[in-house]
Amino acid sequence: MKVLRTFVAAALGSAVYAISPQVALGQDTIKIAYTDPLSGPFAQVGDANLKQFQYILDFINAKGGALGKKFELVPFDNKSQPSDALIALKSATDQNMPFILQCSGSNIAAALIEGVEKHNERNPESRIIYINCGAVATELTNEKCSFWHFRFDVHVAMKAEIMARAMPKDVTKVYLLNQDYLFGQSVQRDVKAYLAKLRPDVQVVGDELIPLGKIKDFSPYITKIKAAGAQALITGNWGPDMNLLIKAGIDAGIDLRYYTLYAHLVGGATAIGPAGDGKVRSVMSFSENHAVEIGNKDAEAWTKAFRDTHSFDFYAAGFRTIFEHLQSAVNKAGAVDATKIAFALEGQKMKDFLGYDTIMRKDDHQIVSEYLVGVFKKGVKYDSEKTGLGWATEATILANDIDQPNVCKMKRPEMPK
Amino acid sequence: MEVFLVSLLNGLVYGMLLFMLASGLTLIFSMMGVLNFAHASAYMLGAYFAYTISLFIGFWLALIIAPLICGLIGAAIEMWGLRRVHKNGHIAELLFTFGLALIIEKVVQMTWGLIAVPYRVPALLDFPLFTLYGTNFPAYRAFMLAISALMFGAIWLALTRTRIGLIVQASLTYPEMVSALGHNVPRVFTLVFAGGTALAGLAGVIGGNYHTTEPSMAFTMGPIVFVVVVFGGLGSLIGCFIASLFMGLIQTFAVVFDYSLADLLRQFGLTVTSSTPFAEVLTVPLPRIGALLPYVLLVLILLVRPRGLLGTRDT
């Protein structure tokens, strides 16, 4: 018995020992809790985001981090559940992390905005900033906006406007298919609104909401889309809902064009394949070929280095913009203090690594940056996921062109001295 | 007509895949009286084994080897696990298989990772077989149909035309009697369990690349397979077959019919407006509740006909 007890004590001791160096190391870093689906149907997206973030952080840290400290990402799996994201938030605030970062799922974002708002009100000494890297339902920086929430991706209404502008003149019949939750409903509403405004000749022949992440075979939907006589499918689907949908469409070989928000994410290129040459468009912040198109050698070399060590494309240019903004804001704030950093972020203007203007709007904490419409086709310099095809830029929309108004009325804290 | 034919084909493919999974489960369930929660896990293992094997020696050998491995695992589970737990009654067995399902999922996550593996349709079958009203029918789906039809034929022949099949069939309905006649019922159990698991593995091999191979695939497929088994009825392979096709077709056709209860009421001269009670429920279109329909049917059949469609004895 005594032997056993000693053994247990030793085992516990070594466990503590194994953890403690990390804790000690963590004290002089700026910790960012990153919560996204790292298991479940959307794990592939969360995993790809994480790898790109780590690549970007290595780069930012090599350039000195902020205030002489390095940024450190602490991942928390939220299994696409708002409740798990709130647990991640709790752990982050318990450890006094100044940032929580989340990209995937506007329903989760809405829960986080509320959770952060409450926490910061009750605990003014340990506030936290919510950095939104891709939950884009329009209302999050409008009706639901918060001082502590900074969104670093353009929202659905902006993307819908880009898409409506990019729609060719000969397309007059479109079919809408979206995921049945906050974000998908936002796409449905905003795309219809902008089509009605900019392209009154376009008729919506079908409008569908599907359960999030549940459908394995989209063939029945493809049959329905074809029967409705649609020339183009507009969808905000992401993750498996995007890849399986597009795969079913391409496999069925029907004559359809795809206007998407997320076909360029991980797995998308593989799902489209060579048969989809020129058929799929995506509203995106970046593609590896864009650096080539604008002749930016530095950006090309930097993304190529990612490409050489990973099995998928680097598509998250916006993520680098996030950390360049954070780096600058933390330096400006002069302390790792959430309130000071938040004020420093407000209205901050920067050029991103491609040389375009970006601004974190003060009144709604929504970034406005350049955005691209990409087409997936043959004959580009960098192909995607070894398919031989890749994304070429069809249109570049600058920040000024999508600077839509907002209805945000946020409650601001007192400016710290 | 176009929508009908294409949907019919899609529904058939899905229904036959369900049947491959459910047929093994229905045999196990009927004989042992235990809903094997780990059955869909064998489906997942089949897909992962096939993926790994196909990396080395190709899809065609994986098609044979992966189900065999699943069958062996099934036999081991029955001989060294279930048989010991059996003494403690059905609840213990149920919990045992439930625990097993969770363990298998974790093991799969640890071995192959959390994200989907790139398990693809073999190049030889990656072409459109024919075109129906401008919609391609992929050859791989025809292959799935063929495999599952072959399997149905093989099980049916084995059960009705061979001696071992006769004993299995007898054990399905009168296990105690068969035992009393001096047959080694435990060995029959092992055989059926291994066979059922191998069939689930086979379904995984051909279903894993048709859908996606990821750690949650067992838990998404599990409930619907139970519905098929209960709906089809205990101890009836034909009932299971009909139920599988029915569920496959119902889920496929639910997607294409944009009707709601309000449309049905309109046929009787009742118009639903926003002030009608339950207006929100009545106007929900069928595609949005398609995934729910099998469970509605499950509840209904348990209320009306607890032994299932062609069941020979009560659950």
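Reader: Okay, at what angle do helix 1 and helix 10 of chain B pack?

Author: Keep in mind that this is a predicted model. In it, helix 1 of chain B (residues 2–32) packs against helix 10 of chain B (residues 237–256) at an angle of about 140°, and their axes are 7 Å apart.

Reader: So why are these two helices called oblique to each other?

Author: Angles over 145 degrees count as roughly antiparallel and 65 to 115 as roughly perpendicular. At about 140°, helix 1 and helix 10 of chain B are therefore oblique to each other.

Reader: And is the crossing left-handed or right-handed?

Author: Helix 1 of chain B makes a right-handed crossing with helix 10 of chain B.

Reader: How many of the contact residues are nonpolar, polar or charged?

Author: The contact between helix 1 and helix 10 of chain B has 14 nonpolar residues, 10 polar ones and no charged ones.

Reader: Switching topic: how many helices and strands does chain B have?

Author: Chain B has 14 helices and 2 strands. Its radius of gyration is 21 Å, close to the 20 Å from the globule rule for 315 residues, so chain B is as compact as a globular protein of that length.

Reader: What does the C-alpha trace span along its principal axes?

Author: For chain B, about 65 × 45 × 40 Å.

Reader: Last one, what share of chain B is buried?

Author: Buried residues are 43% of the 315 in chain B. Also, of the chain B contacts with a separation of 6 or more, 76% are between residues 24 or more positions apart.

How values were computed. Residues numbered from 1 in each chain as written. Chains lettered and ligands numbered in written order. Predicted model: local features only at pLDDT ≥ 70, side-chain atom pairs only at ≥ 80, totals over all residues. Axes fitted to C-alpha atoms, helices over the stretch in contact; angles between N-to-C directions. Helix = DSSP H or I, 4+ residues; strand = E, 2+ residues; numbered from the N terminus. Parallel < 35°, antiparallel > 145°, perpendicular 65-115°, else oblique. Left-handed = near helix turned anticlockwise from the far one by under 90°. Nonpolar A, V, L, I, M, F, W, Y, C, P; charged D, E, K, R; others polar. Rg over C-alpha atoms; globule rule 2.2 N^0.38 Å. Buried ≥ 20, exposed ≤ 12 C-beta atoms within 10 Å, placed from the backbone. Contact = placed C-beta atoms within 7 Å.
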